[in-house]
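Work through the exercises below with the sequence and the model open. Each task is followed by a solution in steps.

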Amino acid sequence: MKITFLTSLLAATALSASLAQADTLRLLTWGGYAPEDVIAKFEAETGHTVEVTTSNNEEMIAKLRATNGGGFDLAQPSQDRITSAQEEFGIYKPLDMSKVNAALFIPSMLSATAKNTTYDGEVYGLPHVWGTSGLVVNTAMAGNVQDYTDLCDASVTGKVSYRLKRPTLIGFAYSMGLDPFAAYSDTAAYQDILDQVEAKLTECKPNVKTYWGGGDEIKNLLRSGEVVAAMAWDTGGWQLNADNPDITFVAPEAGALGWIDTFVLPARGRADDAAYDWINFVMRPDIAAMITNTAGNFTAAVDGDGGVSADLKARYQGSFDQAAIDNIKWYPPVPAGLEALEGATLDRINAAN
Amino acid sequence: MGSDTSRLGFYLLLAPILLWLIVLIILPHIGLFIVSISEKVGPREFETGFGNYATFFGEPLYWRTFARTAIMSILATALTLILGFPIAYYIAKLTRGRTKTTLFLMCMIPFWVSELVRTFGWMILLRETGVISTALQNLGLISGPVELLYNDAAIMVGLVYTSILFMVVPLVTTLDSLDNSLIEAGYDLGGTSTSIMREIVIPHAMPGIVSGGIVVFMLSLGNYLTPILLGGKDSLWFTGMIYTQFITRFNWELGSALGFLLLALSSGIVFLGLKLSRQSLSDTMGRA
């Protein structure tokens, strides 16, 4: 009796384990990166099933840290947040490039991401979706806002919003003529930049209506006209532009901040094959275009912009001319420990009156 | 044999609550405590020490935010009591039968939707382009839009609204148990409404007031959603700070220490409240 029970238990465990290995891809990603129709197509083609959890950079790392890299089979953090998280928490595993169809990726982006996500000689990240953050401006009411520091202008008092997070510090630093990325490796120089930005943001505080937290919150504030200029993502601006032609994304004079969201394998993921299948599937030009049309951002797929809607392309070209593209400041990998300095600065800005 | 079976039954009945306590409360707290006493010295390197606790006391921001959160929670508790007491008195003493049930139900209906939805409801009412601002403009009472959201008053409204039920319910229960003839006797002996309220009703309702107060205080202190969504750029809240440490700063060590301090300090405030009102925890929780 006992033996039968034990064997059946073992059999059941083995069965469920093998099923999970073959079939279920637990994807930790951003909203819009895994649209329903793409998942349906993938499931029909490969037989895998996909479970999607949407999140953001910090929560992805926190979730994986809580389980030592378990619970998910594929994650999509931004490329600058991979090596430090790997160094501190060891939550990812290296990629097997032989399982990736490298021809699907734009070569320059593939090599740049590989360079930025190399830790201890191993590559951890593949590029997927890229975009920028900059300014979303209601041009009818705040046409003079062209740069991050213009948010502190008296003409927009009480009608401005930004996040109290690291992109705001970086953006303001560039706008003030500083170069924070160059100071990444020099803690003292970086602290000096942070102190200057802190003074500026504290002085700017009366201009701010509220610090926004989520993408929907800032879109509501801009749509209702309660906020006329904000620091936000390009896609948010383009989505609002579809509803109200006055509102659009403006690439700041100091340069938009460019990010690339990647594919990484969590250390204790159980369905690596399914993960590679998903990567090779979504990087196909036709699928990449479907994702761009829902997420609003372009991908690192070769010819991925072919099937993108003409409206989105027009909005993109309206915000970025060639000079603005060349001026994009791409986030280099954040050294471990830098975020503690930024955290203290952000706390002080939040507490200042 | 008989006593053996009854003891087995006793332990079986005890098992779920013991499991609950150990697995879901005691073990996580031990884990949290261990995390809170490890200081980070480098990537994947930790030392044991109380440095994270020292950070709390050394950095004015943290204890000021804590004091702010505690004071606002106490204020919210007082406001909830002032608003909740007349409601509870009316329901318990001045109505009976169906009216009583209906009124009680009306207090409860808002709690059938989630806290998030209720908070968004307040955001729709209070925002610059929201219901109240628009209505006031249409009535000609104000000339331009007015922003009622993103300040401490908005947080207070949200907190009181979120927790008023937890004040009304224990108050109704204790006031129900007050015999009406005692109030009548008070009037017969020449008491005024004020003196009867002071000498008879409030002393009788004290356990309900205290237990309602404890629950509302704890709910406000530990509330995360309402202060974050309704509060403005200066509205720091201690739970928000713990969230930031855990999620955006990856600093679980300090976050755990802050969590423990919140537990200790809130227990201290409740203890002080019980002492000041000369109630004991078992009395208030047992009777209400």
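**Exercise 1. Which residue in S13(A) is the bridge partner of A:Trp130, and which strands pair with S7(A) in the antiparallel sense?**

Step 1. A:Trp130 has A:Phe298 of S13(A) as its bridge partner. Strand S13 (residues 298–299) of chain A is joined to S7(A) by two bridges and runs antiparallel to S7(A). Helices (H or I, at least four residues) and strands (E, at least two) are DSSP runs numbered from the N terminus, and two strands pair if DSSP finds at least two bridges between them.

Step 2. This is a predicted model, in which local features need pLDDT of at least 70 and side-chain atom pairs count only at pLDDT 80 or more, while totals for chains, interfaces and linings use all residues. Residues are numbered from 1 along each chain as its sequence is written, and chains are lettered from A and ligands numbered from 1 in the order in which they are written.

Step 3. With strand S9 (residues 229–233) of chain A, S7(A) forms five antiparallel bridges, and A:Gly134 has A:Ala232 as its bridge partner.

Step 4. Strand S10 (residues 247–250) of chain A is linked to S7(A) by four bridges, again antiparallel. A:Phe249 in S10(A) stands opposite A:Val136.

Step 5. In strand S7 (residues 126–138) of chain A, 13 of the 13 residues are buried, so the strand is largely enclosed by the rest of the structure. A residue is buried if 20 or more other C-beta atoms lie within 10 Å of its own, exposed if 12 or fewer, and partly exposed in between, with C-beta atoms placed from the backbone.

**Exercise 2. What is the strand order in the open sheet of three strands in chain A?**

Step 1. The order is S2-S1-S3 (chain A), and the pairing is parallel.

Step 2. Strand S2 (49–54) and strand S3 (74–75) of chain A are at the edges with a single partner strand each, so one side of each lacks a neighbour in the sheet.

Step 3. Strand S1 (residues 24–29) of chain A and S3(A) are paired in the parallel sense over two bridges. A:Leu27 lies opposite A:Leu74 in S3(A).

**Exercise 3. Which residues of H7(A) are buried, and which elements do they pack against?**

Step 1. Nine of the 10 residues of helix H7 (residues 166–175) of chain A are buried, so the helix is largely enclosed by the rest of the structure.

Step 2. The buried residues are A:Arg166, A:Thr168, A:Leu169, A:Ile170, A:Gly171, A:Phe172, A:Ala173, A:Tyr174 and A:Ser175.

Step 3. They pack against helix H8 (187–204), S9, S11, strand S14 (329–330) and helix H15 (338–351) of chain A.

**Exercise 4. How many residues of domain 1 of chain A are in contact with domain 2 of chain A?**

Step 1. The assignment, whose bounds come from an automatic or database source, gives domain 1 (2–130 + 259–326) and domain 2 (133–257 + 329–351) in chain A.

Step 2. Taken over C-alpha atoms, the centres of domain 1 and domain 2 of chain A are 28 Å apart.

Step 3. Domain 1 of chain A has 18 residues in contact with 17 residues of domain 2 of chain A. Two residues are in contact if their C-beta atoms, placed from the backbone, lie within 7 Å.

Step 4. On the side of domain 1 that touches domain 2, helix H4 (83–89) and helix H13 (310–319) of chain A are the elements that give two or more residues.

**Exercise 5. Where in chain A is the pLDDT under 50?**

Step 1. The mean pLDDT of chain A is 90, and 94% of its residues reach 70 or more; pLDDT is the predictor's confidence in each residue, from 0 to 100.

Step 2. Over residues 1–7 of chain A pLDDT stays under 50, and the model has zero contacts beyond four places in sequence for them. Residues 9–21 of chain A are also below 50, with four contacts in the model beyond near neighbours in sequence.

**Exercise 6. Which residue takes a positive phi in the hairpin of S1(B) and S2(B)?**

Step 1. Strand S1 (residues 38–42) and strand S2 (residues 45–48) of chain B pair in the antiparallel sense over four bridges, with B:Lys40 opposite B:Phe46.

Step 2. The hairpin has two residues between the strands, and B:Arg44 takes a positive phi near 60°.
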